[in-house]
Amino acid sequence: MRIRLTKITIRDLFEGYDNQFENGVTGFGGKLDIRPKFQREFVYNPIQRDSVIDTVMNGYPLSVMYWLKNKDSDTYELMDGQQRTISICEYVEGSFAVNNEYFFKLPQEKQEAILNYPLLIYVVEEGTDEENLAWFRKINTAGEKLTEQEIRNAVHVGAWTTDAKKYFSKSFCPAIKLGENYLTGMPLRQDYLETVLRWISDDKIDEYMATHANDADASELWGYFEKVIAWIKQVFPTYHKEMKGVEWGLLYNKYSSVDTTNFEARFNELYADDEVESKRGIYYYLFDGDEKHLGISTFTPGMTKTAYKRQNGKCCICGNDVAQNQAIAVRLDSWKDGGRIESENCRVVCPSCNFNYMNKGEDVEIHYMQRDPENWNKRTPMVKKFNRKQLLIDGLGHIEIVEKEEAPKA
Ligand SMILES: [Zn+2]
């Protein structure tokens with residue numbers, strides 16, 4: 001591979017400029033492919049665009065651009081500098097004004113100065129695909145950042161990728177029409193494609209793309225996406241804005257065959273619950289039952305302090321003293337049982353009891369030694385299930401907790 005620094009003028013670059021938008025853009029006498037297949041969908045940014053023109057008009061230097069020379073022909077693909085190249089060409093063509101001045105209205109000498117402005121180009125020649133890709137990644141770290149998925153598309157050039165982009169990342173593509181209420185990010189920057197690939201591959205995008213790179217089309221991916229969307233609409237017929245950004249495909253992969261008859265009704269109930277702070281989390285909670293998705297409210301410092309004082313600074317389970325800044329507020333009646341964030345429902349426990357007993361669901365299995373009241377030295381190993389709430393009320397003051405090994409087999 002050889003890299004050669006060359007200088008061309010804007011006049012050279014603009015010669016034969018032809019912008020067919022997403023179907024291709026060429027310049028430099030038709031020899032430069034400004035939007036080659038491996039390049040990202042161009043995201044036109046008017047602020048960056050104006051600053052490029054401003055730089056040129058002031059005669060300040062633009063950073064170097066990279067072209068890849070095609071083997072055995074005098075043609076090139078633009079590797080880095082699409083925003084700059086298209087901004088310059090569109091300005092010269094008269095598509096927009098900067099500071100209220102169109103190119104064709106500028107005085108002759110100003111037009112000439114722009115057309116003679118020199119651009120620095122690194123031309124990469126005679127590279128293998130891997131070498132070119134290595135370069136592509138390297139310049140990407142310095143230039144306009146490509147997204148991970150844009151780089152993957154560059155790695156897996158072919159019919160499959162072209163077709164997948166047609167579905168998921170063109171302006172007015174089918175995925176926008178079908179899925180924009182459920183997907184976040186910018187389709188043109190490949191965010192939709194990345195999300196759906198992550199779903200279908202259970203987060204193994206590169207493996208999936210490598211396996212399918214030589215497929216004739218991406219109809220499998222599109223068909224999967226249609227199924228996911230249809231499933232969402234069937235399970236939750238009413239649309240909520242919180243649906244946008246849920247990892248629907250991952251839920252679909254795992255739970256598409258579970259009975260979801262009551263889900264919509266349960267969703268509405270939880271949605272109306274003020275203590276459920278993460279409304280989006282409800283969608284996950286309904287499937288896996290994990291309360292952590294719900295962002296359930298916690299007691300205020302004031303309520304915690306009140307409970308601490310009421311308990312005379314002691315953990316209500318083990319009865320040991322606990323420092324106020326270590327005391328953990330828990331619900332006497334759990335959220336599931338309708339226990340609310342109210343002072344009367346607040347108890348404090350020490351960190352160790354919180355860890356051992358409060359994070360284990362409703363029933364806590366406890367191994368302990370029971371002393372014979374008649375013969376104090378006689379101890380019998382016991383194992384018993386304690387109800388979470390009862391544990392908070394009764395505490396463990398009278399029993400001697402032991403390690404599991406000492407306890408009898410249940
Ligand atoms: Zn304790």
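Mentor: Happy to! Two residues are in contact if their C-beta atoms, placed from the backbone, lie within 7 Å. Leaving aside residues up to four places away in sequence, Leu270 touches Val276 and Ile282. This is a predicted model, where local features need pLDDT of at least 70, side-chain atom pairs count only at pLDDT 80 or more, and totals for chains, interfaces and linings use all residues. Residues are numbered from 1 along each chain as its sequence is written.

Leu270 belongs to helix 13, residues 263-272 (helices are DSSP runs of H or I with at least four residues, strands are runs of E with at least two, and both are numbered from the N terminus). From C-alpha to C-alpha, Leu270 is 9.7 Å from Leu286, with the two 16 residues apart in sequence.

Now let's visit strand 6, residues 76-80. Here 4 of the 5 residues are buried, so strand 6 is largely enclosed by the rest of the structure. Strands pair if DSSP finds at least two bridges between them. Strand 4 (residues 32-33) runs parallel to strand 6, joined by 2 bridges, and Asp33 stands opposite Glu77. Strand 5 (residues 65-69) runs antiparallel to strand 6, with 4 bridges, and Tyr66 stands opposite Asp80. Strands 5 and 6 form a hairpin with 6 residues between them, and in that turn Asp72 has a positive phi of about 60°.

Definitions and conventions. Buried ≥ 20, exposed ≤ 12 C-beta atoms within 10 Å, placed from the backbone.
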